[in-house]
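Please find below a note on the structure under review. The points are numbered so that each can be taken up separately.

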Amino acid sequence: MDHLKIKSFGPIAEADVKFGDLTILVGPQASGKSIFLQLFKLLIDKYHIRQILGEYSFSWGKDPDKLLDAYFGEGMSKIWKDDASVQLDGKSISKSFILPKSGRYEGLEENVFYIPAQRILSVADGRPKNFREWENSTPYVLRQFSETIRQMLQNGMGKLDSIFPIATRLKEPLQQSFSSSIFHGGKVVFEERNGQKKLMMHIDGMSVPFITWSAGQKEFMPLLLGFYWLYPPVKGAKKTNVQYVILEEPEMGLHPEAIKSVILQVIDLLSRDYKVIISTHSPVLLEFAWAFNYMKQADTTDTAWLELFDIKGTWSAKKIFHNIAKNKTINTYFFDRENNKVITKNISSLDAGSEDSGISDWGGLTGFASKASDLVSKIVSL
């Protein structure tokens, strides 16, 4: 499950991605990143996905297009074109692979946990929607994520008096970072209002409903709930069946300082041996990858990592970074759209001096800043 290669799939003419411990995907809107990631999950979790859809009375008979519509969203089955080529770890896969076969199914557990870009919709009114509340046009990954955090809040959080902070779910440096950069000392609870339990924030003597939170706080909350699901309430534990975690645009609505806090959380996921795949439009994620490469080459000490993230050198903090740079890898890919065709490019070197603009401009994320700098330099020199 380390190499996905596809051709003629949706808007993607050709994509060839080898996954590292952390894989970062960049590219303009509608360049196929989400389709690529959803396909990756479908290829790995097909048995689990069919089981869940069956539990909610979806039927597809012998028509793979019906199952693809149920997964990608109504009307989306045509993205798997007749001339499409799909290879996972060198094995060619046809569209019919998703149909049930006779015999007992194995591997019904979920191996890829997917936190989608539209996650805020799952808690839009302060409570997670259940699977059946969504329209058929909604991608499976959003419906399933919403259902997962709904069940966790109702059944898996115990008798805790708050949703944030929770000492048993996050390490102290992570809690402090989120509190400082996102919640600003606020306490998040899941309490009953008018017969329904909803997310509220207690801050400055007020009880603030979810709808009035800042955009960044609202965007971050379902992301945080996804992190909670990945962290069983046992010190240092992980979901044993989950190998990959997909985070779509984790930076949405967040200030760069808060994005830095999310990166710290990603590092902790890596320290627990999750493999993480991120799609992003934020240069901050690429700045981290660039720094990681240089710090790894320099065999940097834990102290430098602590300095990068402005956290104190406690034992708990050092444990987050222990052996990360030595043992983990980061791969970065650019989904480059030209002439209405998308082709991926490996830009993992992030070499600002490269003659390849896709690499030097970090997949277009630094292109405007570079042009602005060149223009200002030219004006100053006149």
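Predicted model: local features only at pLDDT ≥ 70, side-chain atom pairs only at ≥ 80, totals over all residues.

1. Overall dimensions. The chain holds 382 residues, and its radius of gyration is 22 Å; a compact globule with that number of residues would have a value near 21 Å, so the chain agrees with that expectation. The C-alpha trace spans about 65 × 55 × 40 Å along its principal axes. In secondary structure, the chain comes to 12 helices and 13 strands.

2. Packing of α1 and α2. Helices α1 and α2 pack with their axes 10 Å apart, at an angle of about 110°. Angles of 65 to 115 degrees count as roughly perpendicular, so α1 is roughly perpendicular to α2. On the α1 side, the contact is made by Ile35, Gln38, Leu39, Lys41, Leu42, Ile49, Arg50 and Leu53. On the α2 side, Leu67, Leu68, Ala70, Tyr71 and Phe72 take part. By class, the residues of this contact comprise 10 nonpolar, one polar and two charged.

3. The loop between α1 and α2. Helix α1 covers residues 33-55 and helix α2 residues 64-72, and Ser57 is placed in the loop between them. Ser57 has a positive phi, near 70°, although the residue is not glycine.

4. Packing of α4 and α5. The axes of α4 and α5 lie 11 Å apart and the helices pack at an angle of about 155°; α5 comprises residues 215-230. An angle over 145 degrees counts as roughly antiparallel, and α4 and α5 are therefore roughly antiparallel to each other. Helix α4 contributes Phe178, Ile182 and Phe183 to the contact, while α5 contributes Gln217, Phe220, Met221 and Leu224. The contact of α4 with α5 has six nonpolar residues, one polar residue and no charged residues.

5. The cavity. How many cavities of 30 Å³ or more does a search of the whole structure find? The search finds one, and the space in this largest cavity is about 40 Å³. Its lining consists of Lys41, Glu110, Phe113, Tyr114, Val141, Gln144, Phe145 and Thr148. Lys41 is also among the α1 residues in contact with α2. Strand β6 (112-115) and helix α3 (140-156) each supply at least two lining residues, and α3 gives the most, with four. The lining divides into four nonpolar, two polar and two charged residues.

6. The second largest pocket. This pocket has a volume of about 330 Å³. Its lining has 16 residues, of which Pro173, Gln176, Ser177, Asp310 and Ile311 are the closest to the centre. Helices α4 (172-183) and α6 (256-271) each supply at least two of the lining residues. The largest share, six residues, comes from α4. In the lining there are five nonpolar, six polar and five charged residues.

7. A cis peptide bond. Where does Pro165 lie? Pro165 is in the loop between α3 and α4. The peptide bond that joins Phe164 and Pro165 is cis, with omega about 0°.

Terms used
Residues numbered from 1 in each chain as written. Heavy atoms only, no water. 1 Å grid on protein atoms, 1.4 Å probe; cavity = no way out; pocket = protein on both sides within 12 Å on 5 of 7 lines; lining within 4 Å. Points joined across faces, edges and corners; volume = space filled by probe spheres on them. Nonpolar A, V, L, I, M, F, W, Y, C, P; charged D, E, K, R; others polar. Axes fitted to C-alpha atoms, helices over the stretch in contact; angles between N-to-C directions. Parallel < 35°, antiparallel > 145°, perpendicular 65-115°, else oblique. Contact = heavy atoms within 4.5 Å. Rg over C-alpha atoms; globule rule 2.2 N^0.38 Å.
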